[in-house]
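Hi there,

Here is the structure I promised to pass on. My notes follow below it, and I hope they are handy while you turn the model around on your screen.

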Amino acid sequence: PRSTLFPYTTLFRSDTPKYEAPKKVDLKDLVNQDADDESLRKYKEALLGKAAGGDVVSPSDDPRRVVIIKMRVIFEDRPDGAIEYDLATKEKLAAMKDTPFVLKESCKYKIEVTFKVQHDIVSGLKYVNSVYRKGVRVDKSNTMLGSFGPQADPHVVVFPRHGWDEAPSGMLARGDYKAKSQFIDDDDQNHLEYEYAFSRSEERR
C-alpha cells in the first residue's frame, strides 16, 4: 500500500500536461444554465445542495470560500484512537509543528479532513503534502479531493477512500520528519497552509 506521509506514487499532479482546469463559472450562472434539463438539474442539486435553489451560504463577516475545520489521522488498531488536529485558529495551526505524533512501522492509517465551503463553488480542491527529513524534501504528493458547492453542513473527505495507507518499515525509514500541507483549488488559490511533525519508529509512543 502507498503512504500519504511517506514517498509513494503521486495520485494527482497539477502540472501534468494532460490535466486542464475547467473554465470558472460562478454559482449564479451555473444554477441558471440549462434550467430545462431535468437530469442536469438533479446533478446540480446533488453537487450544490440547497445552493442549487439559490440558498447560498455566505457569511458577510468571513470572505473565505474554504474553511478547514479539522484533520484526523485514523489508525486501524491504535489503542488511543485517532489523532485529531483542530485547524480552526492560527494559534492551533502554529502549535501543530511543535506537537509531533509517532507512526509505528507498518501501522495502517488514513487521513480525514473536515471543511466547509461558502460563498461560491470550489473546483478541483486538492490536498498537497510535502515531507522533509533533515531539511531535504523526500516526498511531494497531490491528492484530489473534488469540487464542492457551498452549504451550511461541513464536508468530510477520507483518503485513501478504500483500504488503508501503510507506514514503511526498516531502519532507513526511522527518524524525525517535518511536513507542510496545503489545500489548493483549480484557480491555484491556497486556502490553507500549515506545518506538522511526526516520527517513525519501531514502537508507537
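Asp62 sits in the loop that runs between helix 2 (38-48) and strand 1; helices (H or I, at least four residues) and strands (E, at least two) are DSSP runs, numbered from the N terminus. Asp62 has a relative accessible area of 16%, so it counts as buried (buried means under 20% relative accessible area, exposed over 50%, partly exposed in between, with a 1.4 Å probe and protein chains only). Not counting residues up to four places away in sequence, Asp62 touches Val67, Gln118 and His119, where contact means heavy atoms within 4.5 Å.

Before going further, please note that this is a predicted model, in which local features need pLDDT of at least 70 and side-chain atom pairs count only at pLDDT 80 or more, while totals for chains, interfaces and linings use all residues. Residues are numbered from 1 along each chain as its sequence is written, and side-chain values use heavy atoms, with hydrogens and water left out.

His119, one of the partners of Asp62, belongs to the loop between strand 4 and strand 5 (122-133). Its phi is near 75°, a positive value in a residue other than glycine, and at 24% relative accessibility His119 counts as partly exposed. Lys134 also has a positive phi, near 55°. Lys134 is placed in the loop between strand 5 and strand 6 (136-148) and, at 80% relative accessibility, counts as exposed.

Now for the overall layout. The chain has three helices and 10 strands, in the order α-α-β-β-α-β-β-β-β-β-β-β-β along the sequence. Of its 205 residues, 40% count as buried. Among contacts between residues at least 6 apart in sequence, 72% join residues at least 24 apart.

Strand 10 is worth a look. Nine of its 12 residues are buried, so strand 10 is largely enclosed by the rest of the structure. Which strands pair with strand 10? Strand 3 (residues 101-104) does so in the parallel sense over four bridges, and strand 9 (residues 175-184) in the antiparallel sense over 10 bridges; two strands pair if DSSP finds at least two bridges between them. Phe101 stands opposite Phe198 of strand 10, and Gly175 stands opposite Arg200. Strands 9 and 10 form a hairpin with five residues between them, and Asp188 in the turn has a positive phi of about 65°.

The C-alpha atoms of Glu105 and Arg200 are separated by 6.5 Å, although the two are 95 residues apart along the chain.

Tyr194 is also part of strand 10, and is buried, with a relative accessible area of 3%. Leaving aside neighbours within four places in sequence, its contacts include Met71, Leu87, Tyr127 and Phe183. Tyr194 is among the residues that touch the most other members of the largest nonpolar core, a set of 35 residues, along with Met71, Leu87, Val113, Phe115 and Phe183. A nonpolar core here is a set of buried Ala, Val, Leu, Ile, Met, Phe, Trp, Tyr and Cys residues joined through side-chain atoms within 4.5 Å.

Strand 1 gives the most to the lining, with three residues.

Finally, strand 7 (residues 155-159) has His155, Val157 and Phe159 on a covered face and Val156 and Val158 on an uncovered one. Strand 7 pairs with strand 4 (residues 108-117) in the antiparallel sense over five bridges, with Val113 opposite Val157. The peptide bond from Phe159 to Pro160 is cis, with omega near 0°.

Best wishes
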